[in-house]
Amino acid sequence: MRPSACPGLLRIVPALDGGICRVKLARGELSAAQALAIADAIDERACGIADITNRANLQLRGVKRGHEEALVAALLQAGLGPSGPQDTMHAFADDVRNVMVSPTAGRDANALIDTSTIADDILTHLQSDKRFAALSPKFALLLDGGERLAMLDHPHDIWLSAMRAHPERDDVLFAFGLAGCPPVAAKHAGALAAVAPSDVAALAHALVHTFLDLAMPEHTRMRDLLAVHSVEHILAHVKSKTEIALLRDASIERWRRAPADPSLRLGAHRQRDERRSHVGGQPVLGRMNSATLRGLAQLAADNDDATLRMTPWQGVLLTDIDTTQVAATLQALDVLGLACNAQNPLTRVIACAGSAGCAKSLADTKADAMKLAACLPAHAQVHLSGCPRSCAAAHRAPYTLLAVAPGRYDLYHTHDPRDPTGFGRCLARGLTIDEAAGMLNHAALPPFDEPSDA
Ligand code: SF4
C-alpha cells in the first residue's frame, strides 16, 4: 500500500479554502438523486462549490473542519463510493476507479461499440482486487468506443480503443497501448496489439498485474515502467499471465483512430436512435454551486430520470432528451448559467483553482480567466494555470497562460494537444491579462487550428 496526498472521497485533503473531497463517478455519470445529495452535502458541510475535473469527476471544495466524516457518510449513502465492504481497503478501492469513457458512450451514432458494460467490468475488477491498493491514485485507463465526442489527448497508463478489424466487415477489436493516447495522426505511436471485446476487461486486469509485478517502488506510472522495460518484455509478461489472444499485425500497427469532434460537447446533437439527443453545456470555469446542481438534477429528473454525465472538458451532458424537449432543455441550461454555444468565450477558457484555493498558485487564475473571457477573440482557446502542474488540463490547450506573479503570466502556444515539450513555445513573458488579451487579438499570432498531424 502507498501513502497518498491526492484527494479522494474517503481522503479529504486540506487546501487554502478548506478540505477537498474528490468524488469519482463511474463513467462520469451522476443520477438526479446523487446530484441533489451532493448539493445538500456541500451546502451543509462545505462551501457550496463542486468543480468538474478534467477526468469527468467532481471535486468538492471548502469542506469545513469537523464536517469531514458527515460529508463522507452522506456521499456514501448516495452511492457515490466504491463498491465492496467498508473496511480498511475502502479508500484504496476508491482510488483505483479511474476508467474514462466518452460522455456519449452508448448513445453516439458513430461509435463502433457501446463501452458501458466493459467499463463496468473493468471497474469491478479494479475495485475487487486488493493487490491494486498498491497502484497510484493517478493510474488511469481510457476505454474508447470510437465515439465522435471523445477526449483523446489525455495520456493514460493503459488505453483501449475500438477499431474495425476489417473495414468490409462488422467485427470490432480493441487496439491498446501503454502510457499514451490512441493514435490519430501518422506521427503518433501505433497500437501494440488488439484483443476481442470479450477479452478487454481480462486484458486490463492482466496489464495492471503485469505493471505491479514489474514495477519497483519508485515506478508509479506505466511510463516509469516503460523507461526500464521494453514493450516486448511487458507483453511477454502479459502473455504468461493470461490465455487472451493478443493480435499483432501490420494493419493493427498502422491503424489510426478517426479524429474526434470536441465541439459536440456543446449544444444539442442527435443520438444513435435519432428520436433523442444529447444536450451539453459548460458551467463557468467548470464550477457549479448547489443551486446549479439542483437545477441540473431537476432537468434530469424531468427527463425520464435520465442521468447527468460530466465531461473531461469540465462540462455537463444530458442524454436521451426527446427531440421535442431539446429547445426547452437548452433554455433551461442557459438559465442555470451553462454556456451551450462555442461562440460564448466562456466555453474556450479553463482555469485551475488559482490562489483563492491553492497555495501553489502564483495568481488568481479563476478571476483572471473571467477578465480574459470578456475580451477573448473568437479563435482563441486559453488555459490559465497557477503553476506548471496544470491541474485544469491533462492535454495542451492552444494557448496557455502560466502564472508568474499575481496578475502576471507567461503566454505559451502550441499546435499539438499532445505537445511533448510542455505548454509549447513561449510567446511573451510577464503579461498582464489586458496585455495577453491584446496579443491574442493580434492578427500576427499563429492560428491554433492547424491540424495537429501537419
Ligand atoms: S495547477 Fe498548480 S496552482 Fe493550479 S490548482 Fe494545480 S497545483 Fe494549484
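Modeller: Helices α11 and α12 are oblique to each other, a term for angles that are not under 35 degrees (roughly parallel), over 145 (roughly antiparallel) or 65 to 115 (roughly perpendicular). The model is predicted: local features need pLDDT of at least 70 and side-chain atom pairs pLDDT 80 or more, whereas totals for chains, interfaces and linings use all residues. Residues are numbered from 1 along each chain as its sequence is written, and side-chain values use heavy atoms, without hydrogens and water.

Biologist: Which values describe the packing of two helices?

Modeller: The angle between the axes and the distance between them describe such packing. Here the axes of α11 (residues 365-373) and α12 (residues 433-441) come within 10 Å and cross at roughly 40°.

Biologist: Which residues make the contact?

Modeller: With contact taken as heavy atoms within 4.5 Å, D368, K371 and L372 of α11 meet I433, D434, A437 and L440 of α12.

Biologist: How is a pair of aromatic rings described?

Modeller: One gives the distance of the centres and the angle of the planes. The structure holds three aromatic pairs, with ring centres within 6.5 Å. In one of them, F139 and F211 lie 4.9 Å centre to centre with 50° between the planes, a tilted pair; planes under 30 degrees apart would be stacked, and over 60 edge-to-face.

Biologist: Where do F139 and F211 lie in the chain?

Modeller: F139 is in the loop between α4 (116-128) and β7 (141-144), and F211 is in helix α5 (residues 200-214), 72 residues apart. F139 is buried (under 20% relative accessible area) at 2%, and F211 is also buried at 2%.

Definitions and conventions
Axes are lines fitted to C-alpha atoms, for helices over the stretch in contact, and angles run from 0 to 180 degrees between N-to-C directions. Helices (H or I, at least four residues) and strands (E, at least two) are DSSP runs, numbered from the N terminus. Rings of Phe, Tyr and Trp (its six-membered ring) pair if their centres lie within 6.5 Å; planes under 30 degrees apart count as stacked, over 60 as edge-to-face and the rest as tilted. Buried means under 20% relative accessible area, exposed over 50%, partly exposed in between (1.4 Å probe, protein chains only).
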